[in-house]
Amino acid sequence: MIDININKVRKSFGFDVVLNDINITIQKGEKVGLIGSNGSGKSTILKIIAGKENIDSGTVSIRNGVSVGYLSQIPEDNDIIVKDFINNAFKELLDLKQKLSVYENKLLNSDYKTITKYMNLQEKFANLGGYEYETKIQKILPVFNITEEMLSRNFNTLSGGEKTILSLVRLLL
């Protein structure tokens with residue numbers, strides 16, 4: 001079964017053609033490495049697969065249900081507390097959790113429409129793993145030696161290596 005298929009992809013930056021007529025097929029379960037000199041387009045291919053870069057021509061197909069993540073070579077600057085940086089992996093869930101809280105306060109004197117909206121939000125929250133996300137975070141932090149002290153630091157005060165590790169953790173989550 002094919003997970004990712006790249007067919008006749010062309011990508012240029014201005015007059016500089018980086019990828020020309022590229023074909024790649026990745027089967028389910030395969031492990032793939034990209035090898036090439038600097039500027040040969042390795043990162044560009046990965047960004048295209050992750051949807052962070054557009055192509056000039058050709059096609060990129062990713063099988064439904066396949067999850068693609070991209071970890072940048074250069075850690076981002078982010079003026080945020082590390083704990084919040086990690087929690088951003090669950091931004092949609094946290095937004096839902098906040099909406100649920102608002103509706104819970106309205107439920108005491110509510111009408112059918114409010115109750116229905118709350119129930120729909122509750123179902124979406126559960127389906128997205130809203131009751132498991134904190135457990136996932138607590139399980140992965142020790143694997144990467146992320147301490148409580150580190151969680152309270154500002155992301156921008158970390159070393160490049162620490163930022164990369166935390167970016168990988170967020171991507172995995």
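A residue is called buried when its relative accessible area is under 20%, exposed when it is over 50%, and partly exposed in between, using a 1.4 Å probe on protein chains only. The model is predicted, and local features need pLDDT of at least 70, side-chain atom pairs count only at pLDDT 80 or more, while totals for chains, interfaces and linings use all residues. Residues are numbered from 1 along each chain as its sequence is written, and side-chain values use heavy atoms, with hydrogens and water left out.

Helices (H or I, at least four residues) and strands (E, at least two) are DSSP runs, numbered from the N terminus. Helix α1 covers residues 42-49, and its residues Thr44, Ile45, Ile48 and Ile49 are buried. Seen down the axis of α1, these buried residues fall within an arc of 135°, so they line one face of the helix. The arc is that of the directions from the helix axis to the C-beta atoms. The cover over the buried residues of α1 includes β1 (2-13), β2 (16-27) and β3 (57-62), where contact means heavy atoms within 4.5 Å. After α1 comes Gly51, with a positive phi near 80°.

Two strands pair if DSSP finds at least two bridges between them. β1 and β2 are antiparallel, with 8 bridges, and Ile2 stands opposite Gln27 in β2. Their hairpin has 2 residues between the strands, and in this hairpin Gly14 takes a positive phi near 65°. β1 also pairs with β3 in the antiparallel sense, over 5 bridges; here Arg10 stands opposite Ser57 in β3.

Next come the spaces in the model. On a 1 Å grid over the protein atoms alone, a cavity is a set of points where a 1.4 Å probe fits but cannot get out, and a pocket is an open set with protein on both sides within 12 Å along at least five of seven lines; lining residues have an atom within 4 Å of a point. Grid points are joined across faces, edges and corners, and a volume is the space filled by probe spheres set on the points. There is 1 cavity of 30 Å³ or more, and the largest cavity holds about 30 Å³ of space. Its lining consists of Ile6, Val9, Leu19, Ile22, Ile24, Ile45 and Ile48. By class, the lining has 7 nonpolar, no polar and no charged residues; Ala, Val, Leu, Ile, Met, Phe, Trp, Tyr, Cys and Pro count as nonpolar, Asp, Glu, Lys and Arg as charged, and the others, Gly among them, as polar.

The largest pocket has about 470 Å³ of space. Of its 21 lining residues, Ile4, Leu46, Ile49, Val68 and Gly69 lie nearest its centre. The elements giving two or more residues to this lining are β1, β2 and α1. The second largest pocket has about 330 Å³. Among its 16 lining residues, Tyr70, Leu71, Ser167, Arg170 and Leu171 lie nearest the centre.

Ile137 and Arg170 are 33 residues apart in sequence and 9.1 Å apart in space, C-alpha to C-alpha. Ile137 counts as buried because its relative accessibility is 7%. Leaving aside residues up to four places away in sequence, Ile137 touches Ile86, Asn87, Phe90 and Leu173.
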